[in-house]
Amino acid sequence: MTRWIRWWGLAVFVLVIAILAGGIVLFADRLVKGAVESVGTRANGAKVELSGASLSFSPLGFALTDLQVTDAHHPLRNAVQIQRIKFALDGYALLRRNIVVTDLIAEGVRTDTPRTTSGALPQVPAPEAEVKKPGLTDSFSFPQVDLPDAKQFLASNELTSIKLAEQFRSELDQAKEQWNQRLAELPDSAALKKYEERVQQVRPDLKGNALQDAQAIAESVKQLQALRDDISKDVQRVQSAKQAWDADWATWARHSKDLLAAPGADLDHLKKKYSLDAKGFANTSRALFGGQIAHWTDMGLYWYDKAKPLLAGDRAEVQEQRPQRGKGIDVRFAERDQTPGFLIRSFKLGLEVPAGILRGEIRNITNDQVTLGHPLTFNFFAENMPGLQDLELEGVFNHVVPGAAVDSARFKAHGVVVQRFDVLHQPSFPVVLSEAAVDLDAAVKLQDGELKGDMSANFKTVKLGAEFAGSAGELQKILAAALVDVRHFMLKAQLQGSLQAYDVELRSDLDELLRDALNRQFRARVDKFVADAKLQLDTKVQATRRELEAKLGDLKGIGGVVDERQKQVNDVQQKAEQELRLATDKSKQQTDEKTQSAKQKAAQEASKLKDRLKEQLKF
Amino acid sequence: MFRTLAKLLQVLNSETAPGQISLGLCLGMVVGFTPFFTLHNVLVLLLVLVFRVNVSAFLLGLALFSALAYLLDPLFHQLGLAVLHVEDLQDLWTDFYNTAIGRLEHFNNTVVLGSFIVTLLLFLPLLLLINLLIKHYRTHVPGWFKNSRLVTMFKASHFYTVYQSVSRVVPS
């Protein structure tokens, strides 16, 4: 039998196995370190570094020290830094090619820590700049409300009343010139006297001779008709001038009325201009807290995005795979002990935050919840946090049923003592919450791609204030004074949209409190400014108004002349008409008399002829 | 390759037992046909090293059947897929799938199972056939071969020089 056995061969085999095992023991630490760093860096998009890793056999597992995960958006800061990670592997599951971590404990977990060197990858382009959420992260812009000196303001600004007065003055000057010219073109007293003389001249000079008188009367009628036509033309010109005058006067009266009302309108405009815009200050809380809320929301969604690959629960359809040459495909069979390929059953961690330690546990971290049949759950609570009554963060990421994933989280923090919290970092208006006790409740849910969340924060025993480094504007001063008066306020936020495009709506009674306080302080200043401006404006407008009234008085005189001319020309026309009527009557009378006389003469002749015929025919 | 072939000829012409040579070739077939990193191949390597299997024959078999496997992989895949889906065997596969050895063996891979079945089917017939051929060779071929014209020409070739050098180094 022994002639079939090659003892040196057995020794070689044992030696090879021993070398392999020794190699694993010796280099496992480096292999794990390299694997964590390379896989982590690839997944994170920025450097993931580990100080060391050590393998243990009982229980089978690893201990990792000082894990630093670079914030891809800020390469000089770590998104998270973990002092020590220890985890135990399920050896039996490992033999079945499943990575099952039974217990993972992370100690000294801190977020947003500084790095000594940049964690950016040289060959990877910098990640896209964070999308600015309009309205939430906009800087707080103050309307221009510094109140100027009333006299200076009137000197440097063109007011409607002044502008109207200038226009009116120019209009009246121009009108005066035009009407003087027009008056010169109208028939004056000399022309009217001439008409009267012509009336006298055309009266018929009767001499008792019927024929001559008749001719004279006819001639007179003819001349009077010509005179009447001439006067009528002048009457029409005067009437037209009178109508134009009436229209112009109506316009000047209107403009004069506008001018009287203009200073009032100017003052109203001033009041409006230097009043606090209700809309502009309707959401002061959004301006104050929007940036912070957007930062927290972004941070939450950033971590959710990082955790998302661990939640992808759909199993690959094995039957649909095309085999690679020489590789074949793996056919899966039902597992008696349903275990996903990757699973962390329990992940306990202590997150170090400025207020203390946030301790908690995440259960069932796997990319195959369908196989596991249980959702990922997490629960955190506060430890060693002085001045905090209650803090709880819990949530469920349920991807057990493919295509019907529901992720939800709830956060509660009551009696949070806030001491010096920078609300607004804007240099022109840095708002600081020096002191407050806050009760905060928040919940968020993601289902079918729809993101919904709400947050309610009750701020009590508040000390708000603004700390200016340099000089402050009028409104900043007033707003700072108003902030000091705030003792408590509520802040409510509603989140909706999708992970890619979400909107946060913020509401707070702080808006109303601030607006009221601002209005109280600002209204008195505005009223004083408007009163000063009124006084200045009245003085300035008064002189102009007197001058314009004098000009209007002059123009009224021209109107009187027009009226007089019209009266005179009408009188002359009436006289001419009267003379014409007399002459016409006389002419008619003469014609009638002549006709009567002719008739009588004819009758006499006929009677004579009749008598003569009777004599001759007397038998 | 020449060296291995020369060694094989040397072995064929030596007093090495035909079983050692045929077993080497057949175990080479197992490792060559099936994917290398599998549990059964560790066992095969142990057998090759521990038992007096002819290593040259094993290496030749490994090279030859690995090349052949490249062409036969689609066939192994089809066979493995068909066998893994046989209804009556589902309980067996499921039981095996739920064992650590089953998962380490990676039997649920179509190429692994297909090629392993082919090696199991071919192992014994091939072993017997090669044994028979070696015996036949040793009885008839050397005498006839030595006197043939071809050998006279062959002895004058480079291959023969290599063969001779190997013969001097490797004790028969």
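Is Asp448(A) buried or exposed? Asp448(A) is exposed, with 9 other C-beta atoms within 10 Å, where a residue counts as buried if 20 or more other C-beta atoms lie within 10 Å of its own, as exposed if 12 or fewer do, and as partly exposed in between, the C-beta atoms being placed from the backbone. The model is a predicted one, in which local features need pLDDT of at least 70 and side-chain atom pairs count only at pLDDT 80 or more, while totals for chains, interfaces and linings use all residues. Residues are numbered from 1 along each chain as its sequence is written, and chains are lettered from A and ligands numbered from 1 in the order in which they are written.

Chain A has 10 helices and 13 strands, whereas chain B has 9 helices and 0 strands; helices (H or I, at least four residues) and strands (E, at least two) are DSSP runs, numbered from the N terminus. In chain A, 67% of the contacts with a separation of 6 or more are made by residues 24 or more positions apart, and in chain B, 86% of the contacts between residues at least 6 apart in sequence join residues at least 24 apart.

Helix H1 of chain A spans residues 7–44 and has 38 residues. From its first C-alpha to its last, H1(A) reaches 52 Å, close to the 56 Å expected at 1.5 Å a residue, the expected span being 1.5 Å times one less than the number of residues. H1(A) bends by about 55° at Phe27(A), the bend being the angle between axes fitted to the seven residues ending at a residue and the seven starting there. Because the number of buried residues among the 38 of H1(A) is 0, this helix lies largely in the open. Two of its residues illustrate the setting. Val25(A), placed in helix H1 of chain A, counts as exposed with 11 C-beta neighbours inside 10 Å, and is 31 residues from Ser56(A) in sequence but 9.3 Å from it in space, C-alpha to C-alpha. Leu31(A), also found in helix H1 of chain A, counts as partly exposed with 14 C-beta neighbours inside 10 Å; Leu31(A) and Ala53(A) are 22 residues apart in sequence and 9.0 Å apart in space, C-alpha to C-alpha. Just after H1(A), Gly45(A) takes a positive phi of about 80°.

The contact between the chains takes 23 residues from chain A and 23 residues from chain B. On the side of chain A that touches chain B, H1 and helix H2 (91–95) each supply at least two residues, and the largest share, 4 residues, comes from H1(A). By class, this side of chain A comprises 12 nonpolar, 3 polar and 8 charged residues, with Ala, Val, Leu, Ile, Met, Phe, Trp, Tyr, Cys and Pro counted as nonpolar, Asp, Glu, Lys and Arg as charged, and the others, Gly among them, as polar. H1(A) packs against helix H3 (residues 39–50) of chain B at an angle of about 145°, with the axes 7 Å apart; axes are lines fitted to C-alpha atoms, for helices over the stretch in contact, and angles run from 0 to 180 degrees between N-to-C directions. In this packing, Gly9(A), Leu10(A), Val12(A) and Phe13(A) of H1(A) meet Leu45(B), Leu46(B), Leu49(B) and Val50(B) of H3(B), a contact with 7 nonpolar, 1 polar and no charged residues.

Among the strands of chain A, S12 (residues 489–497) and S13 (residues 502–508) run antiparallel and are joined by 7 bridges, pairing of two strands requiring that DSSP find at least two bridges between them. A hairpin connects S12(A) to S13(A) through 4 residues, and Ala493(A) stands opposite Leu506(A) in S13(A).

Several backbone features were also noted. Most residues other than glycine have a negative phi, and most peptide bonds are trans. The peptide bond from Ser58(A) to Pro59(A) is cis, with omega near -5°, and Pro59(A) lies in the loop between strand S1 (48–57) and strand S2 (60–71) of chain A. Arg420(A), which is not a glycine, has a positive phi of about 55°; Arg420(A) is found in strand S9 (residues 406–424) of chain A and counts as exposed, with 9 C-beta neighbours inside 10 Å. Asp448(A), likewise not a glycine, has a positive phi of about 50° and lies in the loop between strand S10 (431–447) and strand S11 (450–466) of chain A.

Methods:
Contact = placed C-beta atoms within 7 Å.
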